[in-house]
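This briefing goes through the fold of the chains and the contact between them. The sequence and structure come first, and the notes follow by topic.

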Amino acid sequence: MAEADPGVARQRAEIDFSIFNPYDPDFVRDPYPTWNRLMDDYPVAWHRDMQAWMVTTHKYCFEALGSPKFSTSYHDYKHAPPPRPESEWNEFDRAMEYSFTVVKPGEHMRLRKLTQPAFSRAVMDQIEDKIRDLIVQCFNDIGTPDEFNVATDIAQRIPIPSIARMIGVPKEADDLFEHGLGFNLLRATNPLYPHEERMEYVRGTLPGFRYLAEMVAEIRADPSKGNGFMKTLVTTVDETGDCLTDWEILAMMSALVAAGADTVVDLHTVIIEALLSHPEQRQYLRENPQAMEMAILEMLRWGGQGKLGSTPRFPIEDTELGGQLLGKGETIVILNSTAWNDPRKWPDPRRLDFRRSQSGNIIFGAGPHFCIGLNLVKAQGKIMLEEFEKRFPDAELVGEPEYDMSHFNARRMSKLMVRTNLR
Amino acid sequence: MPKLIVTTRDGATGEIEGVAGLSVMETLKNGGVDELLAQCGGCCSCATCHVHVDEAFFGRLPPLSDDEDQLLDTSQYRAATSRLSCQLRFDPELDGMKLTIPPEEWA
């Protein structure tokens, strides 16, 4: 990345809600005109109303995601409150200090290295049966109606229990994760929320953290009590004898829950909407089941479910990006969904094409914070879609999707109706 | 059997049998090179299957795509003979190709 040039600051691009309002219902229903305008005219711009830089286009999103000058640590935010003494930390504070997004880059790589074996294809294959049972049960509960709502009957029912099954948490704790830990974690760590509101969300996470801490301690004492995933986390030791501490495991699990409580919900609605609205692609996938993984990537790309970016970034020093000077500690929102629909990278981006090469995609991010859970996501999507097609081969969409306009980060479908055509 | 000769981060060198049709990344992972993370599963999205290729073979490899080139730029250890192993398909002509796993990024 080029050295910061003071002259760049004089050309600062600024936008406001009149140009990009992620909370405008018209935007949520049809984001593409806004995204195209941002990419064409304001690829990197300071949003006066949101007090954050908005980064768009594949080129600049990729650059920002991979740059070591953009920190994911909340401590690098210029308006972060001073850290509290360790003696005053609650479980949320402690888990955050050990999380992938807060630790320094060298420590981050250490955590990734020790955690990666638990997310390997081999371990995910072991968990697949448990996820399959859960998904089959979900579809059994749907039964054989004339119509049903994919958003409530599939998308909101699978992600958190999948993570719970992966971790080995019993069903009775599902609500604790979804409405306790997951919901509150995402909001507690987002600087776009006012401080007092964030503190409420922090308090909301504590029961979930305490539950997980007890579970990790039990498995540490007796690894046989953990399933394949947890046992791998607890027992992985590298060539130097290094292993994850209990709090590092807890931090990673909380990140899993947060990710699973949010983005993976959209996976299910997006891929069903994509598939059912493109009969020729649906037929291609039936004839070429080996294309499922690439098809899932293409459907996610096409779906563009992000309203804002994922984890905010904060420059560790004044840094130039896209001709703009991003100041140290300022908030950067990387609008990933624009990258997925950038015609400079994806010819005819609104065309869904399972034969399209996915080379260079940033659907699961890029750089050191690349999504560690993508094997779980792909497994979940694949099993769900296979079950859906088996049970409802003639299903079709009914009407347009409806959206939860209050969601802070995603174009979250609250209603995606399908007609089963079983009768 | 055609093989790859791999030097891992600890300096150890070993041979891995290659299977025509698999990517070099898959060949290395199947051969137990676990330090090659290959997080994205081989779709040129993460740069964690980065290898240094010996010069004798580098010129025989298919050219880099823009995506691969861009991803390699994110590596601390990009060298003149760097490639993403997921972008290389193994075939018998690569028999004896020497690869080195670069040091860990940002360690």
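Of the 423 residues of chain A, 47% count as buried; a residue is buried if 20 or more other C-beta atoms lie within 10 Å of its own, exposed if 12 or fewer, and partly exposed in between, with C-beta atoms placed from the backbone. The model is predicted: local features need pLDDT of at least 70 and side-chain atom pairs count only at pLDDT 80 or more, while totals for chains, interfaces and linings use all residues. Residues are numbered from 1 along each chain as its sequence is written, and chains are lettered from A and ligands numbered from 1 in the order in which they are written.

**Chain A overall**

- The secondary structure of chain A comes to 18 helices and 11 strands; helices (H or I, at least four residues) and strands (E, at least two) are DSSP runs, numbered from the N terminus.
- Along the principal axes, the C-alpha atoms of chain A fill a box of roughly 65 × 55 × 40 Å.
- Among contacts in chain A between residues at least 6 apart in sequence, 77% join residues at least 24 apart. Two residues are in contact if their C-beta atoms, placed from the backbone, lie within 7 Å.

**Helices of chain A**

- Helix 9 (residues 159-167) of chain A is mostly covered, with 9 of its 9 residues buried. Among them are A:Pro159, A:Pro161 and A:Arg165.
- Just after helix 9 of chain A, A:Gly168 takes a positive phi of about 100°.
- Helix 7 (residues 121-142) and helix 12 (residues 228-235) of chain A have axes that come within 9 Å and cross at roughly 150°. That makes helix 7 of chain A roughly antiparallel to helix 12 of chain A. Angles under 35 degrees count as roughly parallel, over 145 as roughly antiparallel, 65 to 115 as roughly perpendicular and the rest as oblique. Axes are lines fitted to C-alpha atoms, for helices over the stretch in contact, and angles run from 0 to 180 degrees between N-to-C directions.
- In this pair, A:Val123, A:Gln126 and A:Ile127 of helix 7 of chain A meet A:Gly228, A:Phe229 and A:Thr232 of helix 12 of chain A. The residues of the contact divide into 3 nonpolar, 3 polar and no charged. Ala, Val, Leu, Ile, Met, Phe, Trp, Tyr, Cys and Pro count as nonpolar, Asp, Glu, Lys and Arg as charged, and the others, Gly among them, as polar.

**Strands of chain A**

- An open sheet of 4 strands in chain A has the order 1-2-3-9, with mixed pairing. Two strands pair if DSSP finds at least two bridges between them.
- The edge strands are strand 1 (14-15) and strand 9 (332-334) of chain A, each pairing on one side only.
- Strand 1 of chain A runs parallel to strand 2 (residues 44-47) of chain A, joined by 2 bridges; A:Glu14 has A:Trp46 as its bridge partner.
- Helix 4 of chain A packs on this sheet, touching strand 2, strand 3 (52-55) and strand 9 of chain A. The direction of helix 4 makes about 120° with that of strand 9 of chain A.
- Strand 11 (residues 413-419) of chain A is joined by 3 bridges to strand 5 (residues 147-149) of chain A, and the two run antiparallel. A:Phe148 has A:Val418 as its bridge partner.
- Strand 11 of chain A also pairs in the antiparallel sense with strand 10 (residues 396-403) of chain A, over 5 bridges. There, A:Glu402 is partnered by A:Lys415.

**Strands of chain B**

- Chain B has an open sheet of 5 strands in the order 2-1-5-3-4, with mixed pairing. Its edge strands are strand 2 and strand 4 (82-84) of chain B.
- Strand 1 (residues 3-7) and strand 2 (residues 13-17) of chain B pair in the antiparallel sense over 5 bridges, with B:Leu4 opposite B:Ile16.
- The hairpin of strand 1 and strand 2 of chain B has 5 residues between the strands, and B:Gly11 takes a positive phi near 90°.

**Contact between the chains**

- The contact takes 20 residues from chain A and 16 residues from chain B.
- Helix 4 (58-66) and helix 6 (105-115) of chain A each supply at least two residues of the side of chain A that touches chain B. Helix 6 of chain A gives the most, with 3 residues.
- By class, that side of chain A has 11 nonpolar, 8 polar and 1 charged residues.
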